[in-house]
Amino acid sequence: RYYSDTAVSPATGLSSLATMKKLVGECMDFIRNFDTEFQNFFFYGDTGVGKTFLSHCIARELLKTAHSVIYFSAFELFDLLGRTTFQRTETEEETKNMHAYIFDCDLLIIDDLGTELVNSFVSSQLFLVLNERILRRKSTLISTNLSLGTFADTYSERIFSRISSTYTMLRLIGDDIRIQKKLSAGRG
């Protein structure tokens, strides 16, 4: 009910409802084939169209089948990586374990990429995480509110190249569901 069947994307010719149904089908295939096919997802679109919710649904289904899933907001991930790099409060063993969890979990979800302060440290750490996971054939799901052009301008060409060549890029369209919920609650 939150996705319009009349608002059509000029790029795809699909309504937001048809687009979401197609994306849900792709996500279900991802879950079904998780153990046999290496795949990554890159969800992008406006605020409130369901990127985080869809990520959580995938995580829930994989957790039900005993897969390891780690979820970070982009801010949390880079804050953790910064603390282990610069503060050195953790032991070397704890730092190795933390990197092992990030590099080796079955699915790593990085939510809201683009909300963190982007600098050379963040770019280098993002490249490291993405590249290591690709080399280890471990799936990653990234969500962002940034358009592809803004994303490419914000992060290095190497990062954009890795993502565009090894991720299924899925654009979610529609109206902000949070606002829709608030408006419908006010009417009730």
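## Helix packing and a loop aspartate

Asp46 is found in the loop that joins strand 1 to helix 2, in what is a predicted model. Leaving aside residues up to four places away in sequence, Asp46 touches Lys51, Asn145 and Leu172. Although Asp46 and Arg171 stand 125 residues apart along the chain, their C-alpha atoms are separated by 9.0 Å.

### Helix 1 and its surroundings

Helix 1 comprises the 17 residues 16–32, which at 1.5 Å a residue should span 24 Å, and the distance of 24 Å between its end C-alpha atoms agrees with that expectation. Its buried residues are Ser16, Thr19, Met20, Leu23, Cys27 and Phe30. Because these buried residues fall within an arc of 95° when the helix is seen down its axis, they line one face of helix 1. On the face turned away from that buried side, helix 1 carries the exposed residues Lys21 and Arg32.

What do the buried residues of helix 1 pack against? Their partners are strand 1 (41–45), helix 2 (51–64), strand 3 (107–111), strand 4 (139–144) and strand 5 (168–172).

| Helix pair | Angle | Axis separation | Handedness of crossing |
|---|---|---|---|
| Helix 1 and helix 2 | about 25° | 10 Å | right-handed |
| Helix 5 and helix 7 | about 30° | 10 Å | left-handed |

Helix 1 and helix 2 pack at an angle of about 25°, which makes helix 1 roughly parallel to helix 2, since angles under 35 degrees count as such. The contact between them is made by Met20, Val24, Cys27, Phe30 and Ile31 on the side of helix 1, and by Leu54, Ile58, Glu61 and Leu62 on the side of helix 2. Of the residues that helix 1 brings to this contact, Met20, Cys27 and Phe30 are among its buried residues.

Helix 5 (residues 120–135) and helix 7 (residues 157–166) pack at an angle of about 30°, and these two helices are therefore roughly parallel to each other. Where they meet, helix 5 contributes Ser123, Leu126, Phe127, Leu130, Asn131 and Ile134, while helix 7 contributes Arg158, Ile159, Arg162, Ile163 and Thr166.

Key. Residues are numbered from 1 along each chain as its sequence is written. This is a predicted model: local features need pLDDT of at least 70, side-chain atom pairs count only at pLDDT 80 or more; totals for chains, interfaces and linings use all residues. Side-chain values use heavy atoms; hydrogens and water are left out. Helices (H or I, at least four residues) and strands (E, at least two) are DSSP runs, numbered from the N terminus. The expected span of a helix is 1.5 Å times one less than its number of residues. Buried means under 20% relative accessible area, exposed over 50%, partly exposed in between (1.4 Å probe, protein chains only). The arc is that of the directions from the helix axis to the C-beta atoms. Contact means heavy atoms within 4.5 Å. Axes are lines fitted to C-alpha atoms, for helices over the stretch in contact, and angles run from 0 to 180 degrees between N-to-C directions. Angles under 35 degrees count as roughly parallel, over 145 as roughly antiparallel, 65 to 115 as roughly perpendicular and the rest as oblique. A crossing is left-handed if the near helix is turned anticlockwise from the far one by less than a right angle, and right-handed if clockwise.
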